[in-house]
Amino acid sequence: MTTRDDYLRSVERMLGDIAPAHRGAVLDDLRAHFADAEDAGQPVDETIRSLGTPAEIAERAAEEFGTDAAGAAPRAERAWRVLQGAAVALAILVAVVAAFIMPSYTTGDGTTETLVEVNGLWAALIALVPALVALVPVAVPRRARTATASVAAVLLTAMAVIGGFTLGGFYLPTVMLSWAALIAWVRMRRSGFGIAWRIVGGVLAALPVLGFLVPVLGGLVGRYADPASAPTFDVSAWGWPFLAAVLVLAVVIAIGSRPAGWVLAALGLVMVAWALVSGQLLTMLGIWLGGLWLTIGLAHAVTTQRRH
């Protein structure tokens, strides 16, 4: 594939919200421009520099054809606000559950108390710090967004790492959403997302399920060969349909289906909510897996262009 082809594909992605007839006209004009430049002996990279970035072409096309929702900048803005808003909302949800609802301490008489009951209201304020950090990029001017969002993502990552398996680990979904928002904001104002990004997203969504199925299948084989010594890995009745749905959605996301992203995001949110309220041994794992699926699904849904 030549540099010219890469450039035209990037422009086509940026024109995803423009009417098909207008989109075709823009691409035909670009192809004609490349042909004229080639006849004149002009290098391809010089021609591309003279035309401008794919985002700039999309913005000019939006102005020319008078569409309200076209152009890379509005799409990047919407994608970033959805992802960063989800990061803030999830951080607030985690803070409320971790501080006021989830039992964190066991007293001598066998009863349990929450973080606020043991440490006071200041503990709730501490739990809200990640939400405040994630909120800062939303409040700053757009020209400072990239730098502010980068700093916020780094700080949130540091908080999650330092917190480890205690309170910090609960904010890993917020970390993933913040990074996804930053990447979407930067990429969608340039070349956008191609098939390679979709494949990576589908693989990442499927890996936890495949990693879980390996010991399950191994346990079934071992149980058949030696029932007395084989380990058991049981899946609940609702677990099998859930895992199967994630695998199917991962494949469909790799193909490029936008609705599949919304469904996977919904399943991820359900997983996070279930893990937060269940208080079981694998609560943290459920939050991490749910956060991963929520991030991949939501990022795919808001960055994939609508099909006309």
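What share of the contacts in the protein chain with a separation of 6 or more comes from residues 24 or more positions apart? The share is 68%. The legends below describe a predicted model.

**Figure 1. Overview of the protein chain in the predicted model.** The chain has 308 residues, and 43% of them are buried. Its secondary structure consists of 14 helices and two strands.

**Figure 2. Packing of helix α1 against helix α2.** Helix α1 covers residues 3-14 and helix α2 covers residues 20-39. Their axes lie 11 Å apart, at an angle of about 160 degrees. Angles over 145 degrees count as roughly antiparallel, and α1 and α2 are therefore roughly antiparallel to each other. The two helices form a right-handed crossing. On the α1 side, the contact is made by Arg 4, Tyr 7, Leu 8, Val 11 and Glu 12. On the α2 side, Arg 23, Leu 27, Leu 30, Arg 31 and Phe 34 take part. Sorted by class, the contact of α1 with α2 has six nonpolar and four charged residues, and no polar ones.

**Figure 3. The buried and exposed residues of helix α8.** Helix α8 spans residues 129-139. Pro 130, Ala 131, Val 133, Ala 134 and Pro 137 are buried in this helix. These residues are on the same side of α8 because they cover an arc of only 165 degrees around the axis. Leu 132 and Ala 139 are exposed, and they sit on the face of α8 turned away from its buried side.

**Figure 4. Helix α10 alongside helix α14.** Helix α10 is formed by residues 172-188 and helix α14 by residues 283-303. The two axes come within 9 Å and cross at roughly 20 degrees. Angles under 35 degrees count as roughly parallel, so α10 is roughly parallel to α14. The crossing of α10 past α14 is right-handed.

**Figure 5. Residues in the contact of α10 with α14.** From α10, the contact includes Leu 172, Pro 173, Met 176, Leu 177, Ala 180, Ala 184 and Met 188. They meet Ile 287, Trp 288, Gly 291, Leu 292, Leu 294, Thr 295, Leu 298, Ala 299, Val 302 and Thr 303 in α14. Of the residues in this contact, 14 are nonpolar and three are polar, and none is charged.

Key. Residues are numbered from 1 along each chain as its sequence is written. This is a predicted model: local features need pLDDT of at least 70, side-chain atom pairs count only at pLDDT 80 or more; totals for chains, interfaces and linings use all residues. Side-chain values use heavy atoms; hydrogens and water are left out. Buried means under 20% relative accessible area, exposed over 50%, partly exposed in between (1.4 Å probe, protein chains only). Helices (H or I, at least four residues) and strands (E, at least two) are DSSP runs, numbered from the N terminus. The arc is that of the directions from the helix axis to the C-beta atoms. Axes are lines fitted to C-alpha atoms, for helices over the stretch in contact, and angles run from 0 to 180 degrees between N-to-C directions. Angles under 35 degrees count as roughly parallel, over 145 as roughly antiparallel, 65 to 115 as roughly perpendicular and the rest as oblique. A crossing is left-handed if the near helix is turned anticlockwise from the far one by less than a right angle, and right-handed if clockwise. Contact means heavy atoms within 4.5 Å. Ala, Val, Leu, Ile, Met, Phe, Trp, Tyr, Cys and Pro count as nonpolar, Asp, Glu, Lys and Arg as charged, and the others, Gly among them, as polar.
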